[in-house]
Amino acid sequence: MMEFTLAKRLEGIGEYYFSQKLSEIAQLNKQGEPVINLGIGSPDLPPHPHVITALQEAAARPDVHGYQSYRGAEVFRTAAAAWYRQWYGVDLDPSSEILPLMGSKEGIMHICMTYLNEGDEVLVPNPGYPTYSSAVQLAGGRCREYVLRQENGYYPDFMEMRYLDKVRMMFINYPHMPTGSAADKEWLGRIVGFAKDHGILVVHDNPYSFILNPEPMSIFSIPGAKEIAIELNSLSKSHNMAGWRVGLLCGAAQRIEEVLRFKTNMDSGMFLPVQMAAAKALSLDAGWYEGINAVYAQRRQKAHELLYDLLKCEYDTGQQGLFLWAGLPSGYRDGFELSDVVLQSARVFITPGGIFGSEGNRYIRISLCSPVERFEQAIQRIKEAGI
């Protein structure tokens, strides 16, 4: 086999942790008892039946299978604007301030490629979503980690952020993943003020605002935020459409035009029936969100039993989103050790907090994306393993 030199941009970029772990779990499954995976935040519930019907009906039409506009279908942008107005109290112009994305993960990369030059610095949270750092590095930028601590509500300490001349951008994410820290209007206002003072573009990644959260919030509820911020949102978690790859980027018209310059050279528009079904999803009433949150609340009770009663972990009961973030009990070096012990002894996978940065080493994260019955099975296995 011939050898080819990899691009330097891949130096320090490894295979995504969950991609590697799923391969390991697949091998364990072949050996016998299947692994119960409580690690990955992929919703196991289906979208609303009306959303699926909308997709089926639209896909049956003969006139929807061609290339679509890079700016997205008007039906989707209009629905997204109405959704923001109804649930966040934010007005967006559907013709110029909303850009559909094939998932917000795509948007993270597009934003980095649009705004970063070689050597530009970006503030990324530790702990935080690993894709922020990977996208920054792939775009040629440099990551400047800012530490999020439990005693500070997992919000940034601005006194620690110095020498910002090369900083061009800052990633934030509230409700926060992986810690579950809630969005707070006062704190978001401080971040907006900080960004204005230093000329930094804030990227707010906001996919968890409807999960176990009675008050969804957008950064654009902060006066003046459009001047320095853009927001990513997604239907993956809020509407159980992770595999559909439907997201959106919101911001001032100038920001949308700037990102479009890159995006139009990288992909084509989203399949129109998907956009039409997504518009239907965005029109669902409060009963939809109440229903899925009732399910997650039941699962959270079982996760509490597993984490607190069995593993003796500590965690904040006010967390929001699809996960529980928990501090380790004594006797374990880090979350990787506890995760491996549970996996090998009980065939249950929970996520080590260290994959989200060094500040996560003393934590683990459990996903709520499994039925109550699976949690009960995992609890029984851990009991029998005597962990």
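Between which two elements does the loop that holds Arg347 lie? Arg347 sits in the loop between α10 (335–346) and β11 (348–349); helices (H or I, at least four residues) and strands (E, at least two) are DSSP runs, numbered from the N terminus.

1. Basis of the note. This is a predicted model, in which local features need pLDDT of at least 70 and side-chain atom pairs count only at pLDDT 80 or more, while totals for chains, interfaces and linings use all residues. Residues are numbered from 1 along each chain as its sequence is written, and side-chain values use heavy atoms, with hydrogens and water left out.

2. Overall fold. The protein chain contains 11 helices and 13 strands. Its radius of gyration, 21 Å, is close to the 21 Å that the globule rule gives for 387 residues, so the chain is as compact as a globular protein of that length; the radius is taken over C-alpha atoms, and the rule is 2.2 Å times the number of residues to the power 0.38. The C-alpha trace spans about 60 × 55 × 55 Å along its principal axes.

3. Of the 387 residues, 53% count as buried (under 20% relative accessible area; exposed is over 50%, partly exposed in between, with a 1.4 Å probe and protein chains only). Among contacts (heavy atoms within 4.5 Å) with a separation of 6 or more, 75% come from residues 24 or more positions apart.

4. Positive phi values. Most residues other than glycine have a negative phi. Arg347 has a phi near 55 degrees and is buried, with a relative accessible area of 18%. Tyr163, in the loop between β4 (142–147) and β5, also has a phi near 55 degrees, but Tyr163 is exposed at 74%.

5. The loop between β5 (167–172) and α6 (185–198). Pro175 is found in this loop, and the peptide bond from Tyr174 to Pro175 is cis, with omega near 0 degrees. Not counting residues up to four places away in sequence, Ser181 touches Gly153, Tyr154, Tyr155, Tyr174, Pro175 and His176.

6. Cavities. How many cavities of 30 Å³ or more does the structure hold? There are two. A cavity is a set of points, on a 1 Å grid over the protein atoms alone, where a 1.4 Å probe fits but cannot get out, and lining residues have an atom within 4 Å of a point. Grid points are joined across faces, edges and corners, and a volume is the space filled by probe spheres set on the points.

7. The two linings. The largest cavity has a volume of about 60 Å³, and its lining residues include Tyr70, Arg71, Met102 and Lys263. This lining divides into four nonpolar, five polar and two charged residues (Ala, Val, Leu, Ile, Met, Phe, Trp, Tyr, Cys and Pro count as nonpolar, Asp, Glu, Lys and Arg as charged, and the others, Gly among them, as polar). The second largest cavity holds about 40 Å³; among its lining residues are His176, Met177 and Pro178, and the lining divides into five nonpolar, six polar and no charged residues.

Terms used: 1 Å grid on protein atoms, 1.4 Å probe; cavity = no way out; pocket = protein on both sides within 12 Å on 5 of 7 lines; lining within 4 Å.
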